[in-house]
Amino acid sequence: MSPQTLKKEEKFRDRMHKVCQNCSESTIDVYVRNTLRIVKLLDPTATKIPSTGGFLQNPKIFTAFDKLNLNQRRLLSTAAVKSLDAFNMKRMEKWASRLETAAEEYDRYREKRQRSEKEKSKWPTKGFDSLKKAAKLQKQQLTHTMKKEKKSLKDLWEIQKWLVLTLYASHALRLDFADVYLARPTSDSKNFLFKYKRKGWILTMREYKTAKTRGEVQIKMSRPVSLALTKVTPWIKELTTHGKLLTNIRGGTLSRNGLSKLLTRLTEKLLGKKGFSASLIRVLKSTKHRDILEKSKALADEMMHSSKENLAYSRK
């Protein structure tokens, strides 16, 4: 769903905000997108969410829903339960039970840690390190552009492709890079990148999926990312006025959906595999560091601590 389509759903967004007051804008976007996908189970040509929630009670919707794969069922059942609240309707057992079943099935699948068929088809030969190869290949195409003294928005768009791949080759965030500002730290700042004199480039995350439980997180950018940021940010500031890290081809902000599509196209073009998402990149990085994660979990289990508590017990 494009940003333009999301704007058409302002009334439904307002309803969702009222029942999910602590939800971020990106979370609301996900609920809106997935609610429209539920509507499309009944009418594939639908472009809007109805003004009332009667479609959630239609028997045909459950027949179509039950044919979906696990991930689709997990996401859409969550949206359905949230939408019932948004429409001020009573919780339905049919949706609640489907949400519970999908969640349990997903947990069992995650515990097995097996690659899905979809992951197998996209898995690059060198795993997570393939992102470094993609970034290098993209940079090789920018020799002429990099030397230009006067750069255009079109040039920035091409250079940004290299920046995005460089970012994900080191830091496997979700699509949160689309929400990052280039700004000095203030008490009101949400997610921002800033180059400190001694510490270098630091990404501060305050608004993200697990922020309620983890709180503010600071991530020191890797050397390749720091070098890329130092080179590219002057052009971003010169050619744009939106204040964010990432820019769309027209000079506005790059949405999370736009970032997702950009990643998919780039990885497919440069790695010769079906384009993969930020979520697969996170899986690739976790797989690369699996031994460390397993040792950390084993020690945490033995100590009967969380990983965070284990760190507190350690000494420098």
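Analyst: C20 and C23 form a disulfide, with their sulfur atoms 1.6 Å apart, where the term stands for a pair of cysteine sulfur atoms within 2.5 Å. The structure holds 1 disulfide. Both partners are covered: C20 is buried at a relative accessible area of 7%, and C23 is buried at 17%, where buried means under 20% relative accessible area, exposed over 50% and partly exposed in between, with a 1.4 Å probe and protein chains only. This is a predicted model, in which local features need pLDDT of at least 70 and side-chain atom pairs count only at pLDDT 80 or more, while totals for chains, interfaces and linings use all residues. Residues are numbered from 1 along each chain as its sequence is written, and side-chain values use heavy atoms, with hydrogens and water left out.

For the protein as a whole, the secondary structure comes to 16 helices and 4 strands; these are DSSP runs numbered from the N terminus, helices being H or I with at least four residues and strands E with at least two. Buried residues make up 43% of the 316 residues. The accessible surface comes to about 19300 Å², of which 51% belongs to carbon and sulfur atoms, as computed by the Shrake-Rupley method with a 1.4 Å probe, only the protein chains shown counting as cover for residues. Among contacts between residues at least 6 apart in sequence, 57% join residues at least 24 apart, a contact being heavy atoms within 4.5 Å.

Turning to the sheet, the 4 strands form an open sheet in the order β1-β2-β3-β4, and its pairing is mixed; two strands pair if DSSP finds at least two bridges between them. The edge strands are β1 (181-182) and β4, each of which pairs on one side only. Strand β2 (residues 192-196) pairs with β3 in the antiparallel sense over 5 bridges, and a hairpin joins β2 to β3 through 3 residues. Within this pairing, L193 stands opposite L203 in β3.

Strand β3 (residues 200-205) is mostly covered, 6 of its 6 residues being buried. T204 is found in this strand and is buried, with a relative accessible area of 1%. Leaving aside residues up to four places away in sequence, T204 touches K190, N191, F192, E216, V217 and Q218.

The aromatic contacts form another part of the picture. A pair of aromatic rings is described by the distance of the centres and the angle of the planes. Rings of Phe, Tyr and Trp (its six-membered ring) pair if their centres lie within 6.5 Å, and planes under 30 degrees apart count as stacked, over 60 as edge-to-face and the rest as tilted. By this rule the count comes to 6 aromatic pairs. In one of them, the rings of F12 and F87 have their centres 5.4 Å apart and their planes at 40 degrees, so the pair is tilted. Because F12 lies in helix α2 (residues 10-19) and F87 in the loop between α5 (70-86) and α6 (93-112), the pair ties together parts that are 75 residues apart in sequence. F12 is buried at 5% relative accessible area, and F87 also counts as buried, at 9%. The rings of F55 and F87 have their centres 6.0 Å apart and their planes at 85 degrees, so this pair is edge-to-face. The pair again links distant parts of the chain, F55 being in the loop between α3 (25-42) and α4 (59-65) and F87 in the loop between α5 and α6, 32 residues apart. F55 is buried with 9% relative accessibility, and F12, F55 and F87 form one aromatic cluster.

Charged groups also meet rings, under the criterion that NZ of Lys or CZ of Arg is within 6 Å of the ring centre and within 35 degrees of the ring normal. The charged end of R74 sits over the ring of Y106, 3.8 Å from its centre, and the charged end of K199 sits over the ring of Y196, 4.5 Å from its centre.
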